[in-house]
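Please keep the sequence and the structure in view while reading.

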Amino acid sequence: MGKKKNGNEFLVQGGILAAAGMISRIIGMIYRIPLLNIMGTTGQGFYEVAYQIYSIALILTSYSMPLAVSKLVSARLSKNQEKNAFRIFKSALLLTLVVSGVVSLIIFFGADVLAGGVMKMSMSAYALRVLAPGLVIVSVMGVLRGFFQGRGSMVPTAVSQILEQVVHAIVSIIGAYILLQYGKTVGSEQRDDLYGPAFSAAGATLGVIAGGLIALIFLVLIFYAYRGKLRNKIRRDKTVEVESFGFIFKVLILTIAPVILSSTVYNIQNVIDSAMFSSIMSAQGFSEEHCADLLGSLGQYYTLFNVPLFMANALGSSIVPPLVRAYENGNREQMHQKIEMAMRVTMLIAVPSAVAFIVIPKPMLDLIWGSIDNTVAANLFRIGAISIIFYAASTLTNAVLQGVNKMMSPVKNAATSLVIHVVSLFIMLVFFHWSIYAVVASKVIFGLAMCILNSHDLREAVGYVQEKKRTFVYPAVAAVIMGVVVFVLQFVLALVISDAVATVISIVAGVCIYAVSLLAIGGLTEAEILALPKGVKIAAVLQKAHLLK
């Protein structure tokens, strides 16, 4: 886990995390096919509500830990302070165990109040109780991942993510099926058909616990395998000033608090959206089952929407250690170079993804969930796909601002954007009666506001102004060309072959068309390709195909 001298090492490490995230999301989409068929959209709605509450609890207990530990460990290793870096790890582990344990108990015993009283989805309480113990598991896992990331290695995080998702998928499907049958039996006795979907959603959440536990065991084994080398490094450390645990706890809290605030404000919108949607729709006379069905469609939207966002999350995690080193060394040019490269790579993924979700959302959804009606979910994508670009950019700039010690900037910006978002959502639901479509429309506004505010603060903090033409315009032009061709191709092919085959061919063709178009208009240079993970091999293939000059 030694440091590498390659200036673009963070791209390689980010590529590892992005690849793992993409594999995890692919597994997530695959297992969601049978899972949604088992639970139905109603069960999916109950699952989404429970998971949204759980997600907020994760933010409070563990979401900030990988980034915070990575940042603090990296800062001390930049000064060769192995002892202090390890003390950061031990302090973070103790802190997260206490906090996650307390919050887990609150979630478990307060499930009825949270699900029924706050979210107006009482049947989500069963799934919420199953999820509660997962907070402790994921919290400890977050500290271990942050420790490895701070030492410059994303591999343990990447492998553990894939292991977690594989086990998650298998256990979720089995749990959902078994508990669905049990729930139907209970439902027939209680004369309430909602018990089947509710218990099925609870069964699906068993996968979260099992997957997290396996991933945690893997990380612990890796840590123990590395402990001998770590002891030698600590023994050779000649640091005179060893930081006290009291000081470290203070630094951890000061580092974590802004991240928690920012992440909570940034992510609590899903909980607010569901609570507002269910409450307002209920007041307008709609049943809990109807609301759960629509929230189930929204869950489909979230599942695919988050796939391209993993690139921004991965690059955000990998850019922090080198960015911290450049910032502490006062190397502004190096900071600007890393931010620009990370943003460019992020947009190369986000822009075409948004266009694809706009032009052929229903064929893609039918390919994945062919047994249900995907009309509502497809319309959600047509309205909200553009926000993929905004969310990807704001996620990356959040990490950058935190990396240059502007910890409160994302908090302030997220809070401002959230107020705008909530007001917009209220108007769309109450006055325009846009139903579930109001949720994604207001998210577009939130993402745009975050981008504008973060860009302003980044310029003020380190004088960075994002280059526009090569970062946004070129990918947009190539993506539009791709979108037109894919739309026409899918429509024509669907007339002569099955929709599923037509969609697969169109997607593959779209990827090729986008790449060729981007290279043709000069949107990606040879030097930039060489800087990417496996860039030499990619450049060689492109040169043989005469696509690279």
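Val-422 belongs to helix α15, which covers residues 408–430. The model that contains this residue is predicted.

**Surroundings of Val-422**

- Val-422 has a relative accessibility of 25%, so it counts as partly exposed.
- When neighbours within four places in sequence are left aside, Val-422 is in contact with Ile-272 and Met-276.
- Phe-446 is 24 residues away from Val-422 along the chain, and the C-alpha atoms of the two are separated by 8.9 Å.

**Helix α17**

- Helix α17 runs through residues 469–496 and has 28 residues.
- From its first C-alpha to its last, helix α17 reaches 40 Å, close to the 40 Å expected at 1.5 Å a residue.
- The buried residues of α17 include Tyr-474, Pro-475, Met-482, Val-486 and Leu-493.
- Among the elements that cover the buried residues of α17 are α11 (332–359), α12 (361–368) and α18 (499–520).

**Cysteines**

- How many disulfides does the structure hold? The number is zero.
- A disulfide is a covalent bond between the sulfur atoms of two cysteines.
- Cys-451 counts as buried because its relative accessibility is 13%, which is under the limit of 20%.
- Cys-512 has a relative accessible area of 46% and is therefore partly exposed.

**Aromatic rings**

- A search of the whole structure finds 23 aromatic pairs.
- In the pair of Tyr-126 and Tyr-195, the ring centres are 6.3 Å apart and the planes stand at 55°, so the pair is tilted.
- Tyr-126 lies in helix α5 (residues 125–131) and Tyr-195 in helix α8 (residues 195–236), so this pair ties together parts that are 69 residues apart in sequence.
- Arg-87 lies over the face of Phe-245, at 4.0 Å from the ring centre.

**Salt bridges**

- The structure holds eight salt bridges.
- One of them joins Glu-243 and Arg-76, with the closest N and O atoms 2.9 Å apart.
- Glu-243 is in the loop between α8 and α9 (245–283) and Arg-76 is in helix α2 (residues 65–77), so the pair ties together parts that are 167 residues apart in sequence.
- Both partners count as buried, Glu-243 at 14% relative accessibility and Arg-76 at 10%.
- Arg-151 forms a salt bridge with Glu-82, and their closest N and O atoms are 3.1 Å apart.
- This pair links distant parts of the chain, since Arg-151 is in the loop between α6 (134–150) and α7 (155–190) and Glu-82 is in helix α3 (residues 82–109), 69 residues apart.
- Arg-151 counts as buried at 5% relative accessibility, and Glu-82 counts as buried at 12%.
- The side chains of Arg-145 and Glu-164 meet in a salt bridge, with an N to O distance of 3.1 Å.
- Arg-145 is in helix α6 and Glu-164 in helix α7, 19 residues apart.
- Arg-145 is buried at 12% relative accessibility, and Glu-164 is buried with a relative accessible area of 19%.

Technical notes
Residues numbered from 1 in each chain as written. Predicted model: local features only at pLDDT ≥ 70, side-chain atom pairs only at ≥ 80, totals over all residues. Heavy atoms only, no water. Helix = DSSP H or I, 4+ residues; strand = E, 2+ residues; numbered from the N terminus. Buried < 20%, exposed > 50% of the residue type's maximum accessible area, 1.4 Å probe, protein only. Contact = heavy atoms within 4.5 Å. Expected span 1.5 Å × (residues − 1). Disulfide = S-S within 2.5 Å. Phe/Tyr/Trp six-rings, centres within 6.5 Å; stacked < 30°, edge-to-face > 60°. Lys NZ or Arg CZ within 6 Å of the ring centre and 35° of its normal. Salt bridge = Lys/Arg side-chain N within 4 Å of Asp/Glu carboxyl O.
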